[in-house]
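Subject: Structure handover

Hello,

Here is the structure I promised. My notes follow below it.

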Amino acid sequence: MMGISIDPRLEAQSLPLCRRYVWVRFDAVEMYVWEARRQQVLQVHWALGGLADGQCELLGAWQQDSLPSMNWQVVFDELEARGVERIRFVFLSKQSMPPAA
């Protein structure tokens with residue numbers, strides 16, 4: 001059986017982004033993969049951004065290497081490096097929420 005890996009250097013994630021988004025939605029999906037005769041659970045977080053003119057675009061996808069917490073600072077630093085200056089509203093699903101402090 002072929003192993004599945006998610007390359008964090010996806011070409012789409014190197015493209016510049018718009019400066020301002022009206023909304024950004026963060027969500028996550030769990031993927032079950034078999035590798036070396038054992039099942040692994042990968043959690044992939046993704047973000048969509050909505051512009052004032054109604055268009056929306058994929059901002060990126062990030063594989064969570066270790067449960068239970070995602071390094072959100074890395075995600076926001078990457079978005080900023082790609083040109084995002086402002087997000088007016090952020091929507092989080094239960095799966096993508098950081099753990100309570």
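First, a cut-off. A residue counts as buried under 20% relative accessible area, as exposed over 50%, and as partly exposed in between. By that scale phenylalanine 76, at 37% relative accessibility, is partly exposed. Phenylalanine 26, at 0%, is buried. Please keep in mind that this is a predicted model.

**Overall layout**

The protein has one helix and four strands. Along the sequence they follow the pattern β-β-β-α-β. Buried residues make up 28% of the 101 residues. The protein exposes about 7400 Å², and carbon and sulfur atoms supply 55% of that area. Residues 24 or more positions apart account for 57% of them.

**The sheet**

The four strands form an open sheet. Their order is β3-β2-β1-β4, and the pairing is mixed. At the edges sit β3 (56-64) and β4 (86-92), each pairing on one side only. From one strand to the next, the twist averages 30 degrees. Strands of a sheet pair through backbone hydrogen bonds, either parallel or antiparallel. Here β1 (residues 20-35) and β4 run parallel, joined by six bridges. Tyrosine 21 has isoleucine 87 in β4 as its bridge partner.

**The aromatic pair**

How many aromatic pairs are there? The count comes to one. Phenylalanine 26 and phenylalanine 76 form that pair, and the geometry is edge-to-face. The ring centres are 5.7 Å apart, with 70 degrees between the planes. Phenylalanine 26 lies in strand β1 and phenylalanine 76 in helix α1 (residues 72-81), so the pair ties together parts 50 residues apart in sequence.

**The core**

Which residues make up the largest nonpolar core? It has 12: Leu17, Tyr21, Val24, Phe26, Ala47, Leu51, Leu59, Trp62, Trp72, Val75, Leu79 and Val84. The elements giving two or more residues to this core are β1, β3 and α1.

Leaving out residues up to four places away in sequence, tyrosine 21 touches Gly49, Gly50, Leu51, Glu57, Leu59, Val84, Arg86, Ile87 and Arg88.

Best wishes

Definitions and conventions. Residues are numbered from 1 along each chain as its sequence is written. This is a predicted model: local features need pLDDT of at least 70, side-chain atom pairs count only at pLDDT 80 or more; totals for chains, interfaces and linings use all residues. Side-chain values use heavy atoms; hydrogens and water are left out. Two strands pair if DSSP finds at least two bridges between them. Axes are lines fitted to C-alpha atoms, for helices over the stretch in contact, and angles run from 0 to 180 degrees between N-to-C directions. Buried means under 20% relative accessible area, exposed over 50%, partly exposed in between (1.4 Å probe, protein chains only). Contact means heavy atoms within 4.5 Å. Accessible areas come from the Shrake-Rupley method with a 1.4 Å probe; for residues, only the protein chains shown count as cover. Rings of Phe, Tyr and Trp (its six-membered ring) pair if their centres lie within 6.5 Å; planes under 30 degrees apart count as stacked, over 60 as edge-to-face and the rest as tilted. A nonpolar core is a set of buried Ala, Val, Leu, Ile, Met, Phe, Trp, Tyr and Cys residues joined through side-chain atoms within 4.5 Å.
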